[in-house]
Amino acid sequence: MQMPIQEPALITQDQAYLAMYHFLDKHFSLGCEELGGILSSMSLLADGSPADQAFVADWKEAVAAAVSGKVDAQLRLG
């Protein structure tokens with residue numbers, strides 16, 4: 001079973017960058033400070049599905065936010 005990815009099937013490179021930013025920012029805000037833990041949970045099993053199925057919904061939400069322009073990745077100092 002492959003990881004189910006639905007619309008939008010194609011996103012721009014900028015949208016993909018913002019989606020990953022949103023995804024990582026969300027998990028950091030939930031207390032995950034180690035990238036290794038996220039990558040381990042995202043690793044694909046033999047059937048193509050991620051080790052932690054919750055990441056599918058999180059990724060879809062991140063892509064939707066990026067495509068709709070709702071990701072604020074602006075650096076603010078001070």
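Helices here are DSSP runs of H or I with at least four residues, numbered from the N terminus. By that count, L39 lies in helix α2.

Figure 1. The chain has three helices and zero strands, and reading along the sequence gives the pattern α-α-α. Of the 78 residues, 22% are buried. Among contacts between residues at least 6 apart in sequence, 67% join residues at least 24 apart. The chain exposes about 5700 Å², with carbon and sulfur atoms supplying 58% of that area.

**Figure 2. Confidence along the chain.** How high is the mean pLDDT of the chain? The mean is 85, and 88% of the residues reach 70 or more. Among the elements, helix α3 has the highest mean pLDDT, at 90, while helix α2 (residues 35-42) has the lowest, at 86. A friendly caution for close-up viewing: where pLDDT is low, the predicted coordinates should not be read in detail.

**Figure 3. The largest nonpolar core.** Nine residues build this core: A19, F23, I38, F55, A62, V63, A65, A66 and V71. Helix α3 provides the largest share, five residues. For a closer look at one member, follow A19: leaving aside neighbours within four places in sequence, A19 is in contact with W59, A62, V63 and A66.

Figure 4. Is H27 buried or exposed? The relative accessibility of H27 is 9%, so this residue counts as buried; the cut-off for buried is under 20%. H27 lies in helix α1. Not counting residues up to four places away in sequence, H27 touches C32, I38, F55 and D58. I38 and F55 are also among the residues of the largest nonpolar core.

**Figure 5. The salt bridge between K26 and D58.** The search of the whole structure finds two salt bridges, and this view shows the one formed by K26 and D58, whose closest N and O atoms are 3.2 Å apart. The pair links distant parts of the chain, with K26 in helix α1 and D58 in helix α3, 32 residues apart. K26 counts as partly exposed because its relative accessibility is 29%, whereas D58, at 14%, counts as buried. D58 also touches H27, the residue of the previous view.

**Figure 6. The salt bridge between R76 and D72.** Side chains of opposite charge can pair when their charged atoms come close. In this view R76 forms a salt bridge with D72, and the closest N and O atoms are 2.9 Å apart. Where do the two partners stand in accessibility? R76 has a relative accessibility of 58% and therefore counts as exposed. D72 has a relative accessible area of 46%, so it is partly exposed.

Figure 7. Which residues make the nonpolar surface patch? They are M20, L24, L35 and L39, and the patch covers about 330 Å². Helices α1 and α2 each supply at least two residues of the patch. L39, in helix α2, has a relative accessibility of 48% and so counts as partly exposed.

How values were computed
Residues are numbered from 1 along each chain as its sequence is written. This is a predicted model: local features need pLDDT of at least 70, side-chain atom pairs count only at pLDDT 80 or more; totals for chains, interfaces and linings use all residues. Side-chain values use heavy atoms; hydrogens and water are left out. A nonpolar core is a set of buried Ala, Val, Leu, Ile, Met, Phe, Trp, Tyr and Cys residues joined through side-chain atoms within 4.5 Å. Buried means under 20% relative accessible area, exposed over 50%, partly exposed in between (1.4 Å probe, protein chains only). Contact means heavy atoms within 4.5 Å. pLDDT is the predictor's confidence in each residue, from 0 to 100. A salt bridge is a side-chain nitrogen of Lys or Arg within 4 Å of a carboxyl oxygen of Asp or Glu. Accessible areas come from the Shrake-Rupley method with a 1.4 Å probe; for residues, only the protein chains shown count as cover. Patches are made of residues with over 30% relative accessible area and no salt bridge: like charges are joined within 9 Å, nonpolar side chains (Val, Leu, Ile, Met, Phe, Trp, Tyr) within 5 Å.
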